[in-house]
Amino acid sequence: MQLSKNKKYQYLFFFLLSIFVILNGGNSNLLIQFNFVFISLFFLYCLNDKNYKLHLTKFYYENEKNLILYIIFLIYIIFQLIPFPINFLKLLNNEKFFILTNLNSNYQFSSISLSPSDTFFQILNYISLLLVFLVFKMIFYTKRHRDRFNIFM
């Protein structure tokens, strides 16, 4: 039995999606990084194919507003990681300011997020989810392909 190129991509996507679900079950920061690396490499691998690139551009133009809103959401989360002066932090996050002042620490700058490292890994998670969705739209472009995905699920 000969597998078409698209089926090979789809089966590789099914494998990666299975790994994605298994590794993200523990929600470990290391496993989140592995998921991000795997799906990013597969996304770049799919972009090598000109047909998939065309599917992606078509999807982008059809859903430009939604993708821009998602990117704004990612920028908002990245904004939470930027270190601000403590006095400015009083306006943005009262709780964090209260905690830092009660610790009697000599912090001059701090981010809005209470846990910046976890926020960073959640950004990786959100980017990974976006890449999974974009890869899905690239390689499952007909009803027959989507039915194959539904059977897998």
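I took helices (H or I, at least four residues) and strands (E, at least two) as DSSP runs, numbered from the N terminus. I worked on a predicted model, in which local features need pLDDT of at least 70 and side-chain atom pairs count only at pLDDT 80 or more, while totals for chains, interfaces and linings use all residues. I numbered residues from 1 along each chain as its sequence is written, and side-chain values use heavy atoms, with hydrogens and water left out.

Entry 1, the cavity. I searched a 1 Å grid over the protein atoms alone, where a cavity is a set of points that a 1.4 Å probe fits but cannot get out of, a pocket is an open set with protein on both sides within 12 Å along at least five of seven lines, and lining residues have an atom within 4 Å of a point. Grid points were joined across faces, edges and corners, and I took a volume as the space filled by probe spheres set on the points. I found 1 cavity of 30 Å³ or more. The largest cavity has a volume of about 40 Å³. I listed its lining as Phe-13, Leu-16, Leu-17, Phe-20, Asn-35, Phe-38, Ile-39 and Val-132. Helix H1 (5-24) and helix H2 (29-47) are the elements giving two or more residues to this lining, and H1 supplies the largest share, 4 residues. I sorted the lining of the largest cavity into 7 nonpolar, 1 polar and no charged residues (nonpolar: Ala, Val, Leu, Ile, Met, Phe, Trp, Tyr, Cys and Pro; charged: Asp, Glu, Lys and Arg; polar: the others, Gly among them).

For the largest pocket I noted a volume of about 160 Å³. Its lining consists of His-55, Lys-58, Phe-59, Glu-62, Lys-137, Phe-140, Tyr-141 and Arg-146. Helix H3 (residues 50-62) gives the largest share of that lining, 4 residues. By class I recorded 3 nonpolar, 1 polar and 4 charged residues there.

I fitted axes as lines to C-alpha atoms, for helices over the stretch in contact, with angles running from 0 to 180 degrees between N-to-C directions. The axes of helix H4 (residues 64-79) and helix H7 (residues 116-139) come within 10 Å and cross at roughly 165 degrees. H4 and H7 are therefore roughly antiparallel (over 145 degrees; roughly parallel is under 35). On H4 I found Leu-67, Tyr-70, Phe-73, Leu-74, Ile-77 and Ile-78 in the contact, and on H7 residues including Thr-119, Ile-123 and Tyr-126 (heavy atoms within 4.5 Å). I classed the residues of this contact as 12 nonpolar, 1 polar and no charged.

H2 and H7 pack at about 30 degrees, their axes 9 Å apart. I therefore noted H2 as roughly parallel to H7. Their contact has 16 nonpolar, 7 polar and 1 charged residues.

Methods
Parallel < 35°, antiparallel > 145°, perpendicular 65-115°, else oblique.
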